[in-house]
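Student: I have a model on the screen and would like to learn how to read it. Where do we begin?

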Amino acid sequence: MPVETDGRLARLTARAVGRAAALSAYAGPEALAAFCYRAGATAAHPRTDARWARVLVDRATRSHRTALAAYRRSRTEHWDGWTAHDADPAVLVHKVYVSPTTPAVPVALERVVAVATFLGVPSWKVGADTAGLHRADKVVLYLPSAQRADAVAQALADELADLPAQGVLFSGQVGASGIVSRGQDHDGQSWRAMVCRAVALALADARAADQSATSQRVAADALSSLAADLDVVTWYPGARVAA
Amino acid sequence: MSVDQLRYVLHPDVEQVPMGSPGEVLVARRGSRVPPQLLSGDAMALIASFREPATLVDAVLAYSRSAGVDPMATLDEAFGVLVALTRSDVLVVADAASSDALQARHQVDDAVGPARLTEPVRVLTDSEVWRAALPGGRRAVVKVVADEGHGDGLVARELAALERVSGLVAPRLVWAERTPAGGTLVLEEVDGDPADLTALAADDAGRDRLAARVVEAYTHLHALGVLHGDVHPGNVLVGADGHVALIDFGLAVVDDDLAPRTAGGEYLDPQAADALLRDERSQPLDAAAEQYSVAVLVFTLLAGAPPLDLECERTQALRRIATGRPRPFVALGATPRPAVERVLRRALAVDPSRRYRSMRTFRDALTRALDVPAVPLPPEPDLTALLVGLDTDGATWAHADVDRAAHVAWLLERVATLTGDALAHDLALLWSTRCGHAAPPTPQPGTPVARAHRALATHARTGGPAALRRARAVAGRMGVPSPDEPVDVLAGGWAGALLRLECAHPAAAAQPGARGA
């Protein structure tokens, strides 16, 4: 899988780590992890109709009714999900994130559903409320192997290449724009939640070791302490993550 | 048997949704047309006594014993609730037919006329709607009406209307069968969304086209001698190609026949609302009343919210419909459209004689008005360069104390909210965490920022341009921020820059420090 070592997501994530390092002088690891996890989202305009997200999701799936008959649909307050009747959710840990800018969501959703049904992706979910379509990881697809996840990610990156990307920080960029990226859950823990917590703890440790260190120093020390377990440049999954 | 001897039970189809306030629960009966009722925690504890059949007296006594309260006081407080719950069939007489769980009359794969049922859409106590397939694969909708009281009339009126409009402004009727309690209709499916949902996914030009097509559909309908009688976005379906189809003609008026009127809702015309307020019978539906309802719909599609604020209790809502003036678009966060708003104000006149002569003249006026360009909003100031200076490598981050950080966080949160800018979002999150989510102080009354926000609120309420001009003038006088000026959202260049941004979004403007902004 070609990995973007100097991709947009790598740069955005490095900047977020730098900001979190500066924040470590004022906040503890929990707040730092929350900052890292939420970075890269946008705010919803207060006048946005609460039904807007669900309308977009419903419209995107309408022309794929026949293919979607092979899936079980789930609806929660924040997500709409589709899981193939024969899928085993326990093995679906390889993630593909799709992150168009909010105005590009209607077009992107249509294409994602088309690709997902065509390639037989066993499970995916879409943010189904206003906040969900403003977060960075608006769409998440789940696959049983890294190989299949890479293939789906590449297909999506090709299909969505002309759309503007928002980008999911702390995930491995696939394709040129950063609209598609990869993650991998471990032991029932979400990839980004796990990585953001690891980064936050490392930043807090680095700050505690030297209260007067510059933010750059804190960030560098934290990342080097994580480098054995994580790819701290591309954030592409694959390396073992410390518990 | 007298009422005090009857044993009541909580209907098996009752669904409960806990609400935000502790103990409060929204209660509704699945399949019922009665809106959900909000019950207090105490009321919920009382009706829990009806999980097993119980008389009203026994339930009140049991609840009072367990809560340690006076049974007479309980009865006094709960009597109204118990009556309402029996009327809405949430509490039903045990062992009566009405206590049975709701069962669909049909099931998947049943043949209904030429159609084969594929999926239930809605199952109510008095009707059902199903998706279905026709021979050759065409999709259909099957509507079953089984209402002993009104079903026959509903289906008769629907068939009479469809005889005129089927396949024109309504889906094509494929097959029908009458029964004493109503009947069954098979209609070609309109693969589309309700008009309001279509508008949500459309851009400005798309909403204009949609509004024009909706009015065109009603113009066509009236020209065919039919009044719909049930205007609301769920009955106006829009296909993927933009074609508008009207559905549900059970309350339709064909050639001045009489039909029952809807019992409420935001599409009610002022005369019908006035009659309901007086507990009088509504006048029969006429074209002017329907013009009002269509204008409410068009207003909602274009502005994103209805012309009147009806989020209040029923009597107050009816009073507002009977006497109210539509809100300006700007109050709803929509771009001002003076020409369009003028046309809609006339179609929404409380006095029907002041409305357009016909749906056709309303359509013509609206078509002309939609061609008039919208009033451009004041340009948003470009704050991108300024935001970069607030990042962690800038002097502000190095030197800000908690109070200053609260000003910066407020500024960034407002920029992020009003512009959707991703950098502003991340910086707002950063600064907000740094200052412990503290808010800056609210401006003192009489200060420029306070005066400007008062003017913005006036503008948002009335649409009057003078108030907006006043707010913009204040913002202009506050100047522009210089790179070394400390961030202050109450005075100075930074406050001026933020105020200019708020002026571009008057309906969403928030005074510094305002809770819930």
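Tutor: With helix packing. Axes are lines fitted to C-alpha atoms, for helices over the stretch in contact, and angles run from 0 to 180 degrees between N-to-C directions. Bear in mind that this is a predicted model.

Student: At what angle do H5 and H6 of chain A pack?

Tutor: About 145° is the angle between helix H5 (residues 105–118) and helix H6 (residues 146–159) of chain A, and their axes are 10 Å apart. The crossing of H5(A) and H6(A) is right-handed.

Student: Which residues make the contact?

Tutor: H5(A) supplies A:Arg111, A:Val112 and A:Val115. From H6(A) come A:Ala155, A:Leu156 and A:Glu159. Sorted by class, that contact has four nonpolar, two charged and no polar residues.

Student: How is chain A divided into domains?

Tutor: Domain 1 of chain A takes in 12–40 + 190–226, and domain 2 covers 52–166. Their C-alpha centres lie 30 Å apart.

Student: And how do I read an interface between chains?

Tutor: The size of an interface is often given as the accessible area lost when the parts come together. Here we count residues in contact instead. For chain B, 20 residues are in contact with 28 residues of chain A.

Student: Which elements of chain B give two or more residues to that side?

Tutor: Helix H5 (195–200), helix H14 (402–419) and helix H15 (422–434) of chain B. The largest share, seven residues, comes from H15(B). By class, the side of chain B that touches chain A has ten nonpolar, seven polar and three charged residues.

Student: How do I check the length of a helix?

Tutor: Compare its expected span with the distance between its ends. Helix H6 of chain B (residues 204–223) has 20 residues, so at 1.5 Å a residue it should span 28 Å. Its end C-alpha atoms are 29 Å apart, which agrees.

Student: Which residues of H6(B) are buried?

Tutor: Among them are B:Leu210, B:Val214, B:Val215 and B:Leu221. The buried residues also include B:Arg207, B:Asp208 and B:His222. Just after H6(B), B:Gly225 takes a positive phi of about 85°.

Student: What are the domains of chain B?

Tutor: The assignment gives domain 1 (3–99), domain 2 (111–188), domain 3 (193–370) and domain 4 (384–508). The C-alpha centres of domain 2 and domain 3 of chain B are separated by 25 Å.

Student: How many residues of these two domains of chain B are in contact?

Tutor: Twelve residues of domain 2 of chain B are in contact with 15 of domain 3 of chain B. On the domain 2 side, nine are nonpolar, three charged and none polar.

Key:
Residues are numbered from 1 along each chain as its sequence is written. Chains are lettered from A and ligands numbered from 1 in the order in which they are written. This is a predicted model: local features need pLDDT of at least 70, side-chain atom pairs count only at pLDDT 80 or more; totals for chains, interfaces and linings use all residues. Domain bounds come from an automatic or database domain assignment. Helices (H or I, at least four residues) and strands (E, at least two) are DSSP runs, numbered from the N terminus. A crossing is left-handed if the near helix is turned anticlockwise from the far one by less than a right angle, and right-handed if clockwise. Two residues are in contact if their C-beta atoms, placed from the backbone, lie within 7 Å. Ala, Val, Leu, Ile, Met, Phe, Trp, Tyr, Cys and Pro count as nonpolar, Asp, Glu, Lys and Arg as charged, and the others, Gly among them, as polar. The expected span of a helix is 1.5 Å times one less than its number of residues. A residue is buried if 20 or more other C-beta atoms lie within 10 Å of its own, exposed if 12 or fewer, and partly exposed in between; C-beta atoms are placed from the backbone.
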